[in-house]
Amino acid sequence: MAPIQPARYDDEDVPGSGRGRRAARYAVPVAVAGVAAATISLVPALADSGNPSLPSITVEQLLTKIAASHTDAVDGTVKITTDLGLPSQITGAGGAMFGGPASVGRGPGRGGDSPAAPQSQLTQLLAGTHTLHVAADGPDRQKISILESAAEYSVIHNGAQLWAYDSASDQAYHQTLPQDARDRQDTQPPGGVPATPQDAARQILKAADGTASITVDRTARVAGHDAYGLVVTPQHADTTTVGSIHIAVDARTGVPLKVTVTPRGGGKPVFDVGYTKVSFSAPSASTFTFTAPKGVKVTEGGSRTGHEGTAPTPQDHMNGKDAQPTVLGKGWDSIAVVTTPAGVSSGSDQAGKQFKDRAHGAQSLMNSFGKPVTGAFGTGTVFHSRLVNALLTDNGTLYVGAVTQSALTDAANAAAK
Amino acid sequence: MSRAEPRAGQPGPPPAGDATGGRTDTGADAGVVAGPATGPAAGPVAVRAPRPGWTLGLFRSELVTVFRRRRTQALFAVLAGVPLLVGIAVRIETRNGGSLGGGGRGDGGPAFIEQVSNNGLFLTFAGLAATLPFFLPMAVGVVAGDSIAGEANAGTLRYLLVAPAGRTRLLVAKYVSVLAFCLAATLVAAVSALIVGFALFPVGDVTTLSGTSISLSAGMARALLIALLVAASLVGIGALGLFISTLTDSGIGAMATTVGLLITVQIVDSFPQLHVVQPYLFTHYWLSFADILRDPVSWTGIGKNLGLQALYAAVFGSAAWARFTSRDITA
């Protein structure tokens, strides 16, 4: 049986002469792959690159612009990347392989809490990259959704109602906000972490007031908007680990679109939050309505009445209006000191809280991750990350700050005297 | 595995001498009837200008070949059985009003499994999420891997090529039948899940992942869209299987290689340390179909998935073409 020769019935007229033509055919898939690779690598680079020419602006003008920006209505997608340089055991990186929802960086939560409670969910933003959908319409209506693989966690604030829905566990959490809490919500969505560039920029500019040099940087394009750049560099702060903070501000509306925190040691940004898509028109009203579906388990958070209520919520912590932690030092060098009696976690810093929760549960992990230190304060453990450091002394006092480790031990020594 | 019986429907020589070309719906029959009337001298001309009817007939014959097989029907049975098993398991687990897995985050099972007991429509999504990572691509890998190599293995490939189909056209016909199988397999899994879900669980308004509610009919429309997206997610592995199938004369070898490659890619996709290559793996955006259930729908991942599948189809489809049109057929 003689082999059937190739291309006898083929559409091509030119009779091929053996190898050369065969090889030429393989050029087609190679070319397709090459063009695709070039397109993939070039298009995103082109889309958000370039420095648009905008009328020059002074720092004062830009700050005024930010302050005057009306961000009542926003509807956008936010990407948050946090790279604290923590070991993956801590952040729990890794996903389920066969279709399960990835459990990347899920916070430990408090024992027995509903998986839908904001306290047990928002800590996951402290590690890895997350995509959020942010919608807001005035101070009374906000919604933040953490988009997970085939699942979503949403916190919906509508007037006095605070709902949270966790689609992965199909459970909901409900809380009625007291009047005073509503009044001091501002436009901050109910999140434990600055989940939008506006929140992050507001906190940073507040902290930077008089303690940092602020300069205008190159312009950039962020989420399809022309943006001014603003660089905040801490000054008169010797022990802070914050190197510089870059803020991109929408040239038209003055809304901060992207905030990037670079540590003093250099390297990759330690925290990066920015819109990938944003519109400043009001989202539809149905976005903020939530009715617990039939059969969904709802955990009532109870209505709080001020600080003497039950568990402190993330809003208290991050709004900086929680009077509980003592703050040592000023500005960038400040260190939060939290005394933690009998295992009740009331840490001001979410990161510290996470460390501490973990520390209670996993002594061996603590030994491998934390570094034991001794000093005038006795013994303790230092937890190191690229930005935030924490010192947990054996008598239960937690020192947390974006400062060097030696600054923490110095503070603890000073307190022991 | 006999190829003789299905091949009976294979069209005869093309009706080249028939000057009234353009009959598109008579495909194979026209070929058989018109064949004897065609003078032998007209043969080579026919090769250059085949009529659309002839091409359609080839596609139809390939489709019949794929779907008539016992093996294909067995694969359909497995795909229909998975949602049934999932549905019964959830039903038993939640019989007494309890929730699944002690009420924790559903980290163990497939996506959407927690919602099934409250809304039967979610069994469609859970069923597709459960079958997409392995069962569906495995079935596609079997069919695609066997498409060329199986013919070669059974010794029927040379006869297929004796009929003046043209290698390119035969390859396209094979790929189209693989794609049809992708769609059919997905619909089998989805419809089975839909029936089981409606039979075993309450059905009502659908809660999107974002917490908003949409009506049941809107939910069904989204379910159909999801089924189509899942079918489209299999385009890439179909092309990959077709390419592997052109490399060898062993049908089993091609199937095993395709499925093995699928498993390898799944493993690579699960290591966080390999995140650099993961966006280029054809499995990486498979679960993006769930974005349809968000409110608002997030199209980014879906677009990436479709683009990646099209890219795989283009690269491996053309590689299969390069290989198949230039190699010697010895079996």
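Reader: Quick one first. What counts as a helix here?
Author: A helix is a DSSP run of H or I with at least four residues, and helices are numbered from the N terminus. The model is a predicted one.

Reader: Good. What comes just after α6(A)?
Author: A:G210 does, and it has a positive phi of about 80°.

Reader: And α6(A) itself: what span should its 12 residues have?
Author: They should span 16 Å, because the expectation is 1.5 Å a residue. The end C-alpha atoms of this helix, residues 197-208 of chain A, are 16 Å apart, so the two agree.

Reader: Which residues of α6(A) are buried?
Author: A:P197, A:Q198, A:D199, A:A200 and A:A201 are buried.

Reader: How do β5 and β6 of chain A run, parallel or antiparallel?
Author: Antiparallel, with six bridges joining β5 (residues 161-166) to β6 (residues 171-176). One pair to click on: A:L162 has A:Q175 in β6(A) as its bridge partner.

Reader: What about A:T393, buried or exposed?
Author: Buried, because its relative accessibility is 5% and the cut-off for buried is under 20%. A:T393 is in strand β17 of chain A, residues 389-393.

Reader: What does A:T393 touch?
Author: Leaving out residues up to four places away in sequence, A:T393 touches A:F377, A:T379, A:G380 and A:Y399.

Reader: Give me the totals for chain A. How many helices and strands?
Author: Chain A has 10 helices and 18 strands. Of its 417 residues, 50% are buried. Its accessible surface is about 18300 Å², and 56% of that belongs to carbon and sulfur atoms.

Reader: And chain B: how many helices and strands?
Author: Chain B has 13 helices and two strands. Buried residues are 55% of its 331. Chain B exposes about 12800 Å², with 68% supplied by carbon and sulfur atoms.

Reader: What share of the contacts in chain B is between residues 24 or more positions apart?
Author: 75% of the contacts with a separation of 6 or more. For chain A, the share is 57% among contacts between residues at least 6 apart in sequence.

Reader: Let's stay in chain B. What does α5(B) reach from its first C-alpha to its last?
Author: 34 Å, close to the 34 Å expected at 1.5 Å a residue. The helix has 24 residues, 70-93. Its buried residues include B:L75, B:F76, B:L79 and B:V82.

Reader: I've clicked on B:V78. Where is it found?
Author: In helix α5 of chain B. B:V78 counts as partly exposed because its relative accessibility is 40%. Its C-alpha is separated by 8.8 Å from that of B:A189, 111 residues apart along the chain.

Reader: Last topic, cores. Which residues touch the most other members of the largest nonpolar core?
Author: B:F112, B:L157, B:F181 and B:F289, out of 85 residues. Helix α9 of chain B, residues 167-200, gives the most to this core, with 13 residues.

Reader: What does B:F112 touch?
Author: Among its contacts are A:A150, B:F122, B:F125, B:L209 and B:F289.

Reader: Which residues are in the second core?
Author: That separate core has 58 residues, including A:V134, A:I247, A:V278 and A:W332.

Definitions and conventions:
Residues numbered from 1 in each chain as written. Chains lettered and ligands numbered in written order. Predicted model: local features only at pLDDT ≥ 70, side-chain atom pairs only at ≥ 80, totals over all residues. Heavy atoms only, no water. Buried < 20%, exposed > 50% of the residue type's maximum accessible area, 1.4 Å probe, protein only. Contact = heavy atoms within 4.5 Å. Areas by Shrake-Rupley, 256 points an atom, 1.4 Å probe, with all protein chains shown as cover. Expected span 1.5 Å × (residues − 1). Pairing = 2+ DSSP bridges. Core = buried A, V, L, I, M, F, W, Y, C linked by side-chain atoms within 4.5 Å.
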